[in-house]
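Please walk through this model with me.

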Amino acid sequence: MSSYDVTALGELLIDFTENGTSTQGNPILEANPGGAPCNVLAMLNKLGKKTAFIGKVGNDMFGRMLAGEVEKSGTDVSNLIFDDQVHTTLAFVHTKPGGDRDFSFYRNPGADMMLKKEEVMAELIKNSRIFHFGTLSSTHEGVREATRYAIDVAKNSGKLISFDPNLREPLWESLEDARREIAYGLSKCDILKISDNEVEFMTGTADYAKGAAILQDTYGIPLMFVTLGKEGSRAYYKDLAVEIEPFLQENTIETTGAGDTFEACALNYVLDHGIDQLTEQDLKELLTFANAGASIITTRRGALRVMPTEEEIRQLAAQRM
C-alpha cells in the first residue's frame with residue numbers, strides 16, 4: 001500500500017500578479033504562491049488524495065511563506081529544502097485582455113534550480129502511486145540531474161509517471177535545449193498533459209490531431225491530454241480520441257493554474273479508475289470534470305491557495321453530464 005497518491009518534483013515560487021492600481025497609478029502586485037507541481041498537488045489534496053513535494057526554496061521571507069502554504073494545503077513537505085545562499089524564485093505575471101499571460105522571471109539563479117540529486121528522498125517516490133514532473137526542473141544541469149534521478153527511481157519502482165512540459169521560453173538558454181528536455185520527458189511518461197502551443201512547438205503543426213498522432217507514434221504514450229484553452233480539451237488513449245468543450249466563464253480574471261487544475265483532476269480520475277481499461281465514456285467524464293475545474297480557477301487570482309472544492313467542480317460539470 002503506497003503512503004502517497006502523487007509525489008511531484010519541481011519549482012515552487014512566488015507569482016506576482018496584477019491586482020489593480022494604487023492611488024498614484026502604480027500597478028499593485030499580489031504575491032501568490034505558485035509553481036505548477038505544487039498547484040497540481042494542492043488540487044489533488046482538495047480531491048482527498050495524499051501528496052508529497054520535492055523541491056527547494058530560499059531561506060527568506062518568500063521561501064518560508066511558500067513552505068507554510070504548501071504544508072497548509074495538505075502536501076508533505078519533508079523533502080522541501082531551504083537554500084541559505086540563493087533566493088526564492090520570483091515570477092511577475094502580466095495578464096493580457098482575455099486572461100492570457102506574459103511571464104518575467106527572477107531566476108538567475110533561483111533556489112528551485114539548486115536542488116541536487118543527493119537531496120532527493122527516493123523513498124517518497126517509491127511510496128507513491130504516481131510521480132509527476134515538468135521541465136522547469138530541467139533547465140539547468142544540477143536540477144536536471146536530480147529530476148532524471150527521480151524519474152529513474154519512479155521507473156525502476158514501477159510507478160506511473162506523469163509529465164507536463166509547461167514550456168516557459170524565457171527560462172531556457174536555447175529553445176533547442178527546451179525541445180530536447182521535453183522530448184526526454186515524453187520518452188519517460190505514462191500520462192501526458194500538453195498544451196496546444198507545446199504540441200505545435202514539438203511537432204511543427206497547428207493541426208493538433210495530427211500533432212497528437214505524431215507524439216503517440218514517436219513516444220508510445222499510453223494516455224495523453226491536449227489542452228486547447230478556450231476550445232476545451234482532448235484525450236488520446238489507445239484507438240480513442242475524445243474532445244470535450246470548455247466551460248467558458250464571463251468573469252474570468254486570468255488563466256494562472258488552469259492547466260495545473262486540469263492536470264490534477266485528470267490524475268485524480270486515473271488514481272480512482274486505473275489506466276488500463278478506460279472507455280470512451282470514462283474519458284468524457286474525466287475531461288468534463290477536468291475542464292470544469294480549470295474553468296473555476298480562471299475566476300480567481302492565483303492558484304495554490306484558491307483551488308476549487310470537489311463539490312464546486314461537480315456542480316459545474318453536472319451541467320453537461
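The cover over the buried residues of α10 includes α1 (36-46), α8 (258-273) and α9 (280-297). Cover here is counted by contact, meaning heavy atoms within 4.5 Å. Which residues of α10 are buried? In this helix, residues 310-317, they are I313, L316 and A317. These residues sit on the same side of α10, because they cover an arc of only 100 degrees around the axis. That arc is taken from the directions that run from the helix axis to the C-beta atoms. Buried means under 20% relative accessible area, exposed means over 50%, and partly exposed lies in between (1.4 Å probe, protein chains only).

A word on the basis. The model is predicted: local features need pLDDT of at least 70, side-chain atom pairs count only at pLDDT 80 or more, and totals for chains, interfaces and linings use all residues. Residues are numbered from 1 along each chain as its sequence is written, and side-chain values use heavy atoms, with hydrogens and water left out.

Now the whole chain. It holds 10 helices and 13 strands. Both are DSSP runs numbered from the N terminus: helices are H or I with at least four residues, strands are E with at least two. The radius of gyration is 18 Å, close to the 20 Å from the globule rule for 321 residues, so the chain is as compact as a globular protein of that length. The radius is taken over C-alpha atoms, and the rule is 2.2 Å times the number of residues to the power 0.38. Of the 321 residues, 57% count as buried. Among contacts between residues at least 6 apart in sequence, 71% join residues at least 24 apart.

Next, the backbone. Most residues other than glycine have a negative phi, and most peptide bonds are trans. Where does the chain have a cis peptide bond? The bond from N108 to P109 is cis, with omega near 0 degrees. P109 lies in the loop between β7 (101-106) and α3 (122-126).

Two residues have a positive phi. N166 has phi near 45 degrees and lies in the loop between β9 (160-164) and α5 (175-188). K238 has phi near 55 degrees and is found in the loop between β12 (233-237) and β13 (240-244). Is each buried or exposed? N166 counts as buried, because its relative accessibility is 11%. K238 counts as exposed, at 58%.
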